[in-house]
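Thank you for passing this structure on to me. The points below are meant for someone who is meeting the structure for the first time, and they move from the whole chains to single elements.

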Amino acid sequence: MTVTEDRPTYKWVGTRPIRHDGYEKVIGKARFAADLNLPGQLHAAYLRSPHGHARIISIDTSTAAGMPGVKAVVTGADFPDLDPTDPNFDVSVNVMARGMALYNGHALAAVAASTRAEAAAAVATIQVEYELLPVILTLDESMADDAPLVNEHNITRFVESDGPSNLATANVLERGDVDAAFAAADLVVEREFDTAFVHQGYIEPHGCVVDVGPNGKADIWASSQGHFMVRSLTAAILGWEPSKIKVTPAEIGGGFGGKTTIYLEPIAARLSQMSGRPVKLVMTREEVLRATGPAPASQSRVKIGASNDGELTAIECWFGYTVGCTNDLAGLIGAMSVASYKFPNLKLEAIGMLTNTPKTAAYRAPSAPQAAFAIESVIDEIAQALDMDPIDLRLKNAVVEGDPTAMGMPHPRIGFVECLEALRDSDHYRSPVPDGAARGIGSGFWFNIGEQSSATVNLNEDGTATVITGSPDIGGSRTSMALMAAEELGIDVYSITPVVADTESVGFTDVTEGSRATFSTGMAVVNACRELIEELRARAAKILGVEQDAVTWVDGTAVADGHDPLPLAAITAKAKSTGGPLTVTASLNAGGAGPSFAVHCCDLTVDEETGQVTILRYTATQDAGTAIHPSYVEGQMQGGTVQGIGWALNEEYVFDDEGSMENASFLDYRIPVASDLPMIDTIVIEVPNPAHPYGVRGVGETGIVPPMATIANAIARATSTRMTSLPMSPPKILAALDTP
Amino acid sequence: MPRVHLMSDHRRFTNGEAIVESEGATVGAVIAELEQRYPGLGEALTHGASAGVNGVIHSEPQYLAVDPDTDIYFVAPLTGG
């Protein structure tokens, strides 16, 4: 732990209490999406497209409808057709195909039956007549002049467009004169890179149970990164009023961006409405991989110029993201994520192209890892060419407060330099590289975002508190909220019960993305507590017979000169006689999310006979702002790092020529397991975010940005071979080593 | 007057100008004034762009107050994981 700026000393914030949800999760009592069962419940199963791209001529479900146990069957015809300009159109057609199968695995129909086996048997009888269409799987295929349309409804977003095309988005950011800067540079390094589709790999498959009552009111239990998002999207896709839907959040077994959208709920809701029974719909692992959003694949070209003393003078990049079968913002965000160095001359171009592959989704810091892999690899090559220490080169060029981002807007207070310095001074970096191993360095950036959150704090008659929020507890938000409330109210963190409430029991809260829950929802909790303290002072003034201004709140007690301190419990016990229940709700649209930087260091060996890479030691630094619960912060850093290691070394979607995923299981799509890795050491940098009352930045995303380049840079130093294609799997490494 | 920093695609409305000045007490008023001078730009900024103001990116900035010396950076919309 490194604290780099002075901040107040806290009693609770920054401590490591046992998580409030730990007991239920350890004993298996916590209920995830698939754990809920209702009386009379049906089980649903999907029919999915076996073709990568096809027009659906007809679907005959008549046999299925008469099969044993079958209670309802749905196809795209059972859902309203949204206008293609509707912001929810893409999600709607991804949930259930309408006339076109856009990728292998696209949902075409679903059956609800008494058992899952009966539903699956009925699905097998559904007859579909297809007109097969050309399948576009790669960026080059999608960009070809004569490329057929992947999706006839795709209109390019954010730039001028004159009709449907395969271009999702495009973005250009420029400053200075790159051509002149390259001409004047002492050294110019240019490389091309590519990365594969990778999945977020959450352990819990998507699942839900939906019960639509005779009054048309739907109860949904689902695992997601935001149950208000589930409500909004389900309502939009079904054409229902959001107020007719109540969503109760199940525990979530990982999301990482992949559960910021929906797949199941409208289907289960329609099946429940048609059958009059609750319907449970849970994906298999194969379905998760074939039909839920991977992160985009990418290609890129990066050219960086430098002076002989290590000043980075110009960067020119082109990033191409393959975003799957519907529009996505990856092409916009990728260019904006180039934010770590003071390039006076810059030209960044990025595009997103559609392919007949699953609709992509965010994966922690969406689009940034692909860009950072390319840029940080070239930065490392420059350090090697100039014989400079890779951290010194980065320190010489690192952005600080006031330096422009790629968009031109100045950086607020940031901690990139502090991360670099902490790693430089770490035991890991100061230790000799082990014999036969090599060391790599890489860095990463992510914006973080704010958005809307709500919180209600109820004080109970015994002086305890209930903190109610609408952010699903994905990364420890229950205990983080409790810690901030404990700090504000001055009571024990275990006197606080943090609750994640359903959509009818707490104010609207945006989906948990952009590392925003502890930042934004935490701010709502703090605001509610501060308002509550004002009310407590007023109640204490009544009890003590003094003016409110004479009462201060100190460590959980009301203090007034000439009186004994009045503990919280003494005030709550008299709530009725002093004005009624003590409860406050706060809501906000939070601005001021603090950008986060990370710098990683990896020691590894490469077996030049097998191509196997073995990670020996790995250290991750990250500017978290104030770490509310340091163990959770470290866990996010470790989790992001391990996922990045998988992205770097093993993980990739393998498609056949027709777009069928050939490795749709965790046996063949190999994510890292504990035995593959050493302990990931962490150094938490705390440069408080001035826009948050406790200095929170958010930590969930940046950790996945640096690992790919960090590992590639170590491999380059181990083998004198620059790997430019992910994953850097043994066959690719052997091929690269064999290339003269 | 607030200074408005435009992304590359928006510059097709301003004859290539990357930075333009515009009057208005809110981002929405600034956009409306720009629409008067550069037809089409206001629509592009209203539907599809976020705005960075005083170091903070806002996804729906139209009612955000700005001062005469404010720099407004229109940027692509952000999402997160």
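Predicted model: local features only at pLDDT ≥ 70, side-chain atom pairs only at ≥ 80, totals over all residues.

**Notes on the model**

1. Chain A contains 21 helices and 27 strands. Its radius of gyration is 27 Å, close to the 27 Å that the globule rule gives for 740 residues, so chain A is as compact as a globular protein of that length.

2. Taken along its principal axes, the C-alpha trace of chain A spans about 85 × 75 × 50 Å. Of the 740 residues in chain A, 59% are buried, and among the contacts in this chain with a separation of 6 or more, 80% are accounted for by residues 24 or more positions apart.

3. Chain B has two helices and five strands, and read from the N terminus its elements follow the order β-β-α-α-β-β-β. The radius of gyration of chain B is 11 Å, close to the 12 Å given by the globule rule for 81 residues, so this chain too is as compact as a globular protein of its length. Its C-alpha atoms fill a box of roughly 35 × 25 × 15 Å along the principal axes.

4. Buried residues make up 42% of the 81 residues in chain B.

5. What does each chain bring to the contact between chain A and chain B? The contact takes 33 residues from chain A and 17 residues from chain B. On the side of chain A that touches chain B, strand 8 (167-175) and helix 10 (330-336) of chain A each supply at least two residues, and the largest share, four residues, comes from strand 8 of chain A. By class, the residues on this side of chain A divide into 19 nonpolar, seven polar and seven charged.

6. Within chain A, the domain assignment gives domain 1 (2-30 + 450-590), domain 2 (35-134 + 200-291) and domain 3 (386-393 + 408-448 + 594-738). The C-alpha centres of domain 1 and domain 3 of chain A lie 36 Å apart, and 22 residues of domain 1 are in contact with 28 residues of domain 3.

7. Which elements form the side of domain 1 of chain A that touches domain 3 of chain A? Strand 1 (2-3), helix 15 (477-489) and helix 16 (517-544) of chain A each supply at least two residues of that side, and helix 16 of chain A gives the most, with five residues. The side of domain 1 that touches domain 3 has seven nonpolar, 11 polar and four charged residues.

8. A:Glu531 has its place in helix 16 of chain A. This residue is partly exposed, because 14 other C-beta atoms lie within 10 Å. Leaving aside its neighbours within four places in sequence, A:Glu531 is in contact with A:Val584 and A:Ala586. A:Glu531 and A:Ile382 are separated by 149 residues in sequence and by 54 Å in space, taken from C-alpha to C-alpha.

9. A helix pair in chain A also deserves a look. Helix 11 (residues 368-385) and helix 20 (residues 707-719) of chain A pack at an angle of about 30 degrees, with their axes 8 Å apart, and helix 11 passes helix 20 in a right-handed crossing.

10. From helix 11 of chain A, the residues A:Pro369, A:Ala372, A:Phe373, A:Glu376, A:Ser377 and A:Asp380 meet A:Met708, A:Ala709, A:Ala712, A:Asn713 and A:Ala716 in helix 20 of chain A. The residues of this contact divide into seven nonpolar, two polar and two charged.

11. Is helix 8 (residues 265-275) of chain A mostly covered or mostly open? It is mostly covered, since nine of its 11 residues are buried. Among these buried residues are A:Glu265 and A:Arg270, together with A:Pro266, A:Ile267 and A:Leu271. Just after helix 8 of chain A, A:Gly276 takes a positive phi of about 75 degrees.

Note on methods
Residues numbered from 1 in each chain as written. Chains lettered and ligands numbered in written order. Domains from an automatic or database assignment. Contact = placed C-beta atoms within 7 Å. Nonpolar A, V, L, I, M, F, W, Y, C, P; charged D, E, K, R; others polar. Axes fitted to C-alpha atoms, helices over the stretch in contact; angles between N-to-C directions. Left-handed = near helix turned anticlockwise from the far one by under 90°. Rg over C-alpha atoms; globule rule 2.2 N^0.38 Å. Buried ≥ 20, exposed ≤ 12 C-beta atoms within 10 Å, placed from the backbone.
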